[in-house]
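Please open the structure in a viewer and keep the selection panel at hand.

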Amino acid sequence: MPLADLTAVAGPLRTDRTGLGAFNVVHLEHGGAFVAAAERAGRPVVLQVSQNAVKFHGALAPLGTAVLALARAASVDVVVHLDHADDVTLVREAIDLGFTSVMYDGSKLPADENLATTAEVVRLAHDRGVSVEAELGEIGGKNGVHDPSTRTDPAEAAQFVAETGVDLLAVAVGSSHAMTSRGAVLDTDLIAEIAAAVDVPLVLHGSSGVSDEGMRAAIEAGMTKINVSTHLNKIFTGEVREALAENPDLVDSRKWFRPGLEAISAEVERLLRWYAGG
Ligand code: G3H
Ligand code: ZN
């Protein structure tokens, strides 16, 4: 069961209108907390390592290899995914390491270049049995400036999927990355239109800004993979801040990491159940 293919996991969930939680592993301990949450919820999960996290760590292999080990030891399906890579060399490295899915993010490129490079990544990934997620319509907030205004056109999405062969498509429907409050309003009519126009699961980025009810509506409208990072970072850091304030003499990092990890594990379990309609 453990290390799973993204297309195989997401396909049936798309049909059932069920959400698949995808959570960013910034530090290895996050990965353990997310897998434990998925096991308690009895749900599949995506562990994602972003290109930004790779920059922070200085390399992909140490964190990536450890996350793969977590997946292989899990009792539920765990996809190990490279998130927001615009560097094809990094995509190749992730595939060589054993990642089962990669996101090639060419959303900043002119449309024809995004299409051509995405199609090339699809060819090289599919040769190795790896799934590919791409992004059409740049989802705001990657530069730290909240911007939910971009929209993906359903007809362009259908053409992009047909011409590139991508397995999942990230779309711009009102979310924006790195929001620390949950007031984003998603265009659920547009989600439904895109879901009807393309035959692959859709991905919501910047899901931290979306309320529980908003997410339920998005999933019912046809959103499948739900990417969450900032919301969990906020909970983790809040718990750590509190633990350190309450115990100014603490020096053992395990003692202040633990409350943060327990809190994000509980929240991921809750989100996974919620995305599945529970
Ligand atoms: O790719 C990762 C996600 O889009 C996370 O976005 O930090 O706004 O939840 P977020
Ligand atoms: Zn994202």
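Which exposed residues does the face of helix 1 turned away from its buried side carry? Select helix 1, residues 6-16: the face in question carries Ala8 and Thr15. Here exposed means over 50% relative accessible area, buried under 20% and partly exposed in between, with a 1.4 Å probe and protein chains only. Helices (H or I, at least four residues) and strands (E, at least two) are DSSP runs, numbered from the N terminus.

This is a predicted model, in which local features need pLDDT of at least 70 and side-chain atom pairs count only at pLDDT 80 or more, while totals for chains, interfaces and linings use all residues. Residues are numbered from 1 along each chain as its sequence is written, chains are lettered from A and ligands numbered from 1 in the order in which they are written, and side-chain values use heavy atoms, leaving out hydrogens and water.

Remain with helix 1 and select Leu6, Val9, Ala10 and Leu13, which are buried. Viewed down the helix axis, these buried residues fall within an arc of 85°, so they line one face of the helix; the arc is that of the directions from the helix axis to the C-beta atoms. An α-helix has 3.6 residues a turn, so residues three or four places apart point the same way. Just after helix 1, arginine 17 has a positive phi of about 55°.

Next, select lysine 225, found in strand 8. Lysine 225 is buried, its relative accessible area being 0%. Among the residues that lysine 225 touches, leaving aside those up to four places away in sequence, are Leu6, His81, Glu133 and Leu204; contact means heavy atoms within 4.5 Å.

Proceed to helix 9, residues 212-221, where Asp212, Met215, Arg216, Ala218, Ile219 and Ala221 are buried. These buried residues pack against helix 8 (188-197), strand 7 (202-204), strand 8 (223-228) and helix 11 (253-275). Glycine 222 follows helix 9 and has a positive phi, near 130°.

Finally, display helix 6 (residues 111-126) together with helix 7 (residues 154-164), whose axes come within 9 Å and cross at roughly 40°. Their contact is made by Asn114, Leu115, Thr118, Ala119 and Val122 of helix 6 and by Phe160, Glu163 and Thr164 of helix 7.

Note on methods. Axes are lines fitted to C-alpha atoms, for helices over the stretch in contact, and angles run from 0 to 180 degrees between N-to-C directions.
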